[in-house]
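Here is a short note to read beside the model. Keep the 3D view open and find each residue as it comes up.

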Amino acid sequence: MIILGIESTAHTFAASVITRKGEILSDVRSVFRTEKGGMIPNEVARHHSNVADEVIREAISKSRQRKLDLVAYSSSPGLSPCLRVGLEKAKEFAKELNAEILGVNHCVSHLTSGHLFTKAKNPIYIYTSGANTQIISLEGNKFRIFGECLDIGMGNALDKFGREIGLGFPAGPLIEKLAKKGKYVKLPYVVKGMDLSFSGIITSAINKFSKGVKKEDLCYSIQENFFSMLTEVSERALAHTNKNEILLIGGVAANKRLCEMLEKMCKDRNAKFYAIPLKYAADNSVMIAYQGFLEYSAGKRENIEESDINPNERTDQINVIW
Ligand code: AMP
Ligand code: MG
């Protein structure tokens, strides 16, 4: 079985072709970036519309496959105008290729793709991306959310600070670089039970920046507080579930300092730490193709006339049938 995956939820329009064994035959991406400002949904959707055909055709041609069986697309959650571009292209190509179609949840795809690339078996998932920050465990047939951000996701919080100090989008990697030259200044530390709140920390950092505190110091301190907060609740999740594996996924998983903190905590508890490889940490279409394969193999089918997007669908609403 050969699967075409299409990703379009936010900044990335991507297409890839994989086999049922998870072998990646092609992986083509086009990422929306700005020098200034952030992601304006209609602008990002325009970017996706402009590149979609080229990205998909390149992915198909690089795969050297004549017959594709399934087109999987991210139907939820995400920016509505961007999801719409993915949906329309998935329908168009499913018809052209005479293939089945299946919409999948983007967040769940991040989680399951962790198993494609690491040896984690039954982990606590630390999912920290642009829009999401969640501590998750699979119990029964649902991904249960033990804790999450109460306002904005960690990546978006980093990007917001970056926007205020003129770093452009995405700011996470630049903040990581600047942080290497910084020292600690006091910022709020906001953990409420198992939940986290980032936006007050960003407001405080922006205020300090306007009063002349060095951006390097603020980048360092934001990272230290954000990552310590996440490590604290991750440790609590391990303790309460008696699990002994952490699997870090999502775009912020690319951050070395975050990995270092989680790894140290795991070592102290005799737990194993896994992080998704850098290339597959952020949004990609391999994970969408793989999730499509899992659900299709478990018997899920979709009528193309009823294919639609669901911008607010949460991870814990999905029935884990695979
Ligand atoms: P995703 O939504 O999973 O594609 O992740 C994108 C987010 O990851 C953006 O908010 C980026 O700023 C963030 N990000 C990417 N690389 C890094 C990094 N090295 N450190 C911190 N955040 C990062
Ligand atoms: Mg994502």
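1. **Two domains.** Please keep in mind that this is a predicted model. The protein chain is divided into domain 1 (2-110 + 282-317) and domain 2 (120-275). The centres of domain 1 and domain 2, taken over C-alpha atoms, are 27 Å apart. Where the domains touch, domain 1 gives 18 residues to the contact and domain 2 gives 16 residues.

2. **The largest core.** How many residues does the largest nonpolar core have? It has 77 residues. F161 and F226 have the most contacts inside this core. Helix α7 (residues 215-241) supplies the largest share, 10 residues. In soluble globular proteins, nonpolar side chains tend to be buried together.

3. **Around F161.** Select F161 and look at what surrounds it. Leaving aside neighbours within four places in sequence, F161 is in contact with I175, I202, A205, I206, L218, C219 and I222. A second core is separate and has 31 residues. Among its members are F32, V44, V55 and A90.

4. **Salt bridge R57 to E96.** The count of salt bridges comes to 17. One of them joins the side chains of R57 and E96, at 3.0 Å from N to O. R57 sits in helix α1 (residues 41-63), while E96 sits in helix α2 (residues 80-97). The two residues are 39 residues apart, and the pair links distant parts of the chain. Are these two buried or partly exposed? R57 is partly exposed, because its relative accessibility is 41%, between the cut-offs of 20% and 50%. E96 is partly exposed too, at 47%.

5. **Salt bridge K89 to E92.** Now stay in helix α2. The side chains of K89 and E92 meet in a salt bridge of 3.2 Å, N to O. K89 and E92 are 3 residues apart in this helix, so about one helical turn separates them. K89 counts as buried, with 13% relative accessibility. E92 counts as partly exposed, with 37%.

6. **Salt bridge R257 to E224.** Here the side chains of R257 and E224 meet at 2.8 Å, N to O. R257 belongs to helix α8 (residues 256-268) and E224 to helix α7, so the pair ties together parts that are 33 residues apart in sequence. R257 is partly exposed, with a relative accessible area of 26%. E224 counts as buried, at 11%. Elsewhere, salt bridges that share partners join D53, K89 and E92 into one network.

7. **The ligand.** Which residues come nearest to ligand 1? Of the 19 residues around it, the nearest are H11, G130, D159, E176 and G251. In the side chain of D159, an N or O atom is 2.6 Å from an oxygen atom of ligand 1. E176 has a polar side-chain atom 2.8 Å from a nitrogen atom of ligand 1. With D283, the backbone takes part: one of its N or O atoms lies 3.0 Å from an oxygen atom of ligand 1.

8. **H106.** Where is H106? This residue lies in helix α3 (residues 106-117). H106 is buried, because its relative accessible area is 5%, under the 20% cut-off. Its side chain makes a polar contact of 3.3 Å with the side chain of T9. Not counting residues up to four places away in sequence, H106 touches E7, T9, S74, S76, P77, Y127, D283, M287 and I288. D283 in this list also has the backbone atom at 3.0 Å from the ligand's oxygen.

9. **N132.** Look for N132 in the loop between β6 (124-128) and β7 (133-139). Is N132 buried or exposed? N132 counts as buried, at 18% relative accessibility. The side chains of N132 and Y127 are joined by a polar contact of 3.3 Å. Beyond four places in sequence, N132 touches C107, Y127, G153 and M154. Y127 is also among the residues that H106 touches.

Note on methods:
Residues numbered from 1 in each chain as written. Chains lettered and ligands numbered in written order. Predicted model: local features only at pLDDT ≥ 70, side-chain atom pairs only at ≥ 80, totals over all residues. Heavy atoms only, no water. Core = buried A, V, L, I, M, F, W, Y, C linked by side-chain atoms within 4.5 Å. Buried < 20%, exposed > 50% of the residue type's maximum accessible area, 1.4 Å probe, protein only. Helix = DSSP H or I, 4+ residues; strand = E, 2+ residues; numbered from the N terminus. Contact = heavy atoms within 4.5 Å. Salt bridge = Lys/Arg side-chain N within 4 Å of Asp/Glu carboxyl O. Near = heavy atom within 4 Å. Polar contact = N/O pair within 3.5 Å; in protein donor to acceptor, adjacent residues only side chain to side chain. Domains from an automatic or database assignment.
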